[in-house]
Amino acid sequence: MTTRQPFFYDITLRDGNQSLKKPWNTFEKEIIFKHLLELNVQGIEAGFAAASEMDFEACSRLSDIAPDNVVISALARCVENDINKAVKAIESAPKKRIHTFIAMSPFNMEYVLGKSPEEVRKQAIEAVSYAKSKLGNKGEVQFSVEHFGDCHENIDFVIDTLQEIVKAGASIINLPNTVERTRPKKFINLVEKVYNALPKNIIISVHNHNDLGMATAVTVESYFAGAVQLECALNGLGERAGNTNMYEVAVALHNSGVEVPLNLSKIYELALTISDMSGVKIYEKAPLIGPDALAHRSGIHQDGAIKTKDMQKGAYRPIHPSLIGRKDDEKLGFTSQSGKTAVYEIITEAGYPITLQEAQRISPFAKETAEKIGELSTKNIIDIYFKHVFNVEGAFKLCNMEKIENSINLHFMYHEKEFDIKLQGNGPVDACIKAIQKAGFNLELLHYEQQALNEELMGSGATAMSIMHFKAPTGQTVISRGMDESTIKANIKAIFNGLNIIENLKG
Ligand code: KIV
Ligand code: ZN
């Protein structure tokens, strides 16, 4: 395991900003800058000073308020005017850096820059030397090989040039995968080559775009290949499919045992703020911060998630949500793939009483509905719960129950057959069961209890709930419930719900 601490260099305000439909003004950049300081990044690229007046002003303002321990940089092409602007823009920053760059891939040198490799080499060395002369001991120079990921054919030329660039005064060499076109390993091999070829006091940096969705992997593995500075953006903002996502890299390194110098607990709230401020929505499946990142829908996953809910390591999550300041809200979504655990958790979470056995009994009804309409809302599941726990349909139909002085008259049907029974005395549960047995039905009570109810939650004025356990002819124990404003009626409803549950077991 490596003991080097990664250096998080944020590019949200430059690469992220240049990709926005409406780039941020100085005021907005300042808000994000303060969040970056709270996150504890080590370096912040404030902008591209020569790009616009607004960017120049933002670089100056952020430099004015920068603390002593954070590197502030401004981007500049390898041209004097850009470098002059950048130097001027960040002059008040206590720790300043000029970041200059030029493309070195054969393709870009030929078709975009229209320059020979020798011309590019000369321009790069001169620019670095010029930037260093402007800063002296008061700042450092970072040089980026734009399109480094496309430099397989001419890596020897690149390395040779970088050695000269280091001599000219660059102390940070940044290796961008400006466009992610191929497998991570090919890029990492190039990083290793540069790392091995340059003096060990030179900081190797990577800057990976996410065109194929592997920027996080490329950045994390580059760290293990020798890169110390990791250029990342909040929410992965950046040109096209974005830059490397800061949160994913930080958490992946943390999970790999690397000491990450960031306040990870700021991540979740910051992600929401950045989404608001950039207008770039967090997509549902976004790792760590997406609305679905903690949702479980299959029965097996739901079971594992619930069993490990309070543990630091979860069966189906990469981190404990609190690591990134996210509420511990592993959400269970009920679909046709879900099972009893989800019903149990959703109903319990909503505040209603249910046992796992009841959840198992009613989950087929929920699955059936989900097959038709897709993921069920909590309200859908509660409706199913009320229907199949408190109003169980079946061959028995309680048509009427009337309390007359000390007795209760019951009128019920079993299929087409009608029954009238009269229950006497103060023990209506016992009396009712005996009367039902006498009418020819098999019913064995194992357990009985009463619970007071939260009227508001249950609705319909119900304040009493009876819970009964019956032994079904199959030997199974069946749990049934009844609720009503009257205790006696709640008991009788529980008995009839129980009769139907047992009857329905016959299939
Ligand atoms: O993607 C890139 O190559 C860049 C450089 C300017 C560092 O953003
Ligand atoms: Zn970039």
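1. A quick definition before the ligand: a residue counts as near a molecule if its C-beta atom, placed from the backbone, lies within 6 Å of it. Bear in mind that we're looking at a predicted model.

2. With that in hand, the surroundings of ligand 1 consist of Asp 15, Phe 101, Ser 144, Glu 146, Asn 174, Pro 176, Thr 178, His 207 and His 209. Sorted by class, this shell has five polar residues, two charged ones and two nonpolar ones.

3. Which strands each supply at least two residues of that shell? They are β5 (139-146) and β6 (170-177).

4. Three strands make up an open, antiparallel sheet, ordered β11-β12-β13. β11 (396-404) and β13 (417-424) are the edge strands, each with a single partner, so one side of each has no neighbour in the sheet. From one strand to the next, the twist averages 15°.

5. Looking at one pairing in detail: β11 and β12 (residues 407-414) are joined by eight bridges in the antiparallel sense. Within this part of the sheet, Met 401 sits opposite Leu 410 of β12.

6. Now the helices on this sheet. Helix α16 (residues 428-438) lies across β12 and β13, and its direction is at about 145° to β13. Helix α18 (residues 487-505) also packs on the sheet, where it touches β11 and β12 and makes about 165° with the direction of β11.

Technical notes. Residues numbered from 1 in each chain as written. Chains lettered and ligands numbered in written order. Predicted model: local features only at pLDDT ≥ 70, side-chain atom pairs only at ≥ 80, totals over all residues. Helix = DSSP H or I, 4+ residues; strand = E, 2+ residues; numbered from the N terminus. Nonpolar A, V, L, I, M, F, W, Y, C, P; charged D, E, K, R; others polar. Pairing = 2+ DSSP bridges. Axes fitted to C-alpha atoms, helices over the stretch in contact; angles between N-to-C directions. Contact = placed C-beta atoms within 7 Å.
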